[in-house]
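Visitor: I'm new to reading protein structures. Could you walk me through one?

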Amino acid sequence: MLKSHHFEARVEVGCDEAGRGCLAGPVYAAAVIFPDNYENSELNDSKQLTEKCRYALREIIQRDALAWAVGIVSAEEIDRINILNASILAMHRALDQLVLRPEAVIVDGNRFKPYQNLPYATIVKGDGKYLSIAAASILAKTYRDDCMKELAAEYPQYDWLSNKGYPTKKHRDAIRQYGVTPYHRRSFTLLPPVELELPFE
């Protein structure tokens, strides 16, 4: 069972993002506040769960949480402020929407920027250690997947239905053939550098 809290005697919110390493689409983040001493043995890092399990848990998280929210930063914004700043901005946007004000923030990873002077802790692999961060990872992942499925209907040739914007061979082959879309992150290395063909001596 993952831990229920990091800070003692505080209303604590867990945050995580999804889509940071993608070539296309927005980055999503979620924020989740659970009741004190909340328990759920099925919650885990979203990457360790099947798609079916993630969507089933999303319903449970949204039912059980005292508050939850999702923040979004577009590909255009990512290109303007870089992906690290965009990931943190998405978390701040999620926090802005919470109907319950948190008293402390815990974040997956090792980078964050202060939010409204609240105490915070960055926790490497936190989505596999704390319930609220795991829940945030599931919400961010599933809502971003929903978005990429919608974008896939608009641009089916990039196989976003399957790769969700990540740099698969099929995705990069489509970029070579069709070019980029308004949803591609132009500040990313969309195609690897061409290897020079050196003549034999």
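Guide: Let's look at a helix, then at the cysteines. Keep in mind that this is a predicted model.

Visitor: What caps the N-terminal end of H3?

Guide: That's Asn 82: one of its side-chain oxygens sits 3.1 Å from the backbone nitrogen of Leu 84.

Visitor: How many residues of H3 are buried?

Guide: First, the general idea: an α-helix has 3.6 residues a turn, so residues three or four places apart point the same way. In this structure, H3 is mostly covered, with 10 of its 14 residues buried. Among them are Leu 84, Ile 88, Met 91 and Leu 95.

Visitor: And what covers the buried residues of H3?

Guide: The cover includes strands E1 (12-18), E2 (27-33), E3 (67-73) and E4 (104-108), plus helix H2 (75-81).

Visitor: On to cysteines. How many disulfides does a search of the whole structure find?

Guide: A disulfide is a covalent bond between the sulfur atoms of two cysteines. Here the search finds zero.

Visitor: Are Cys 22 and Cys 147 buried or exposed?

Guide: Cys 22 is buried, with a relative accessible area of 0%. Cys 147 is buried too, at 14%; the cut-off for buried is under 20%.

Methods: Residues are numbered from 1 along each chain as its sequence is written. This is a predicted model: local features need pLDDT of at least 70, side-chain atom pairs count only at pLDDT 80 or more; totals for chains, interfaces and linings use all residues. Side-chain values use heavy atoms; hydrogens and water are left out. Buried means under 20% relative accessible area, exposed over 50%, partly exposed in between (1.4 Å probe, protein chains only). Helices (H or I, at least four residues) and strands (E, at least two) are DSSP runs, numbered from the N terminus. Contact means heavy atoms within 4.5 Å. A polar contact is a pair of N or O atoms within 3.5 Å; within protein, one must be able to donate a hydrogen and the other to accept it, and residues adjacent in sequence count only if both atoms are side-chain atoms. A disulfide is a pair of cysteine sulfur atoms within 2.5 Å.
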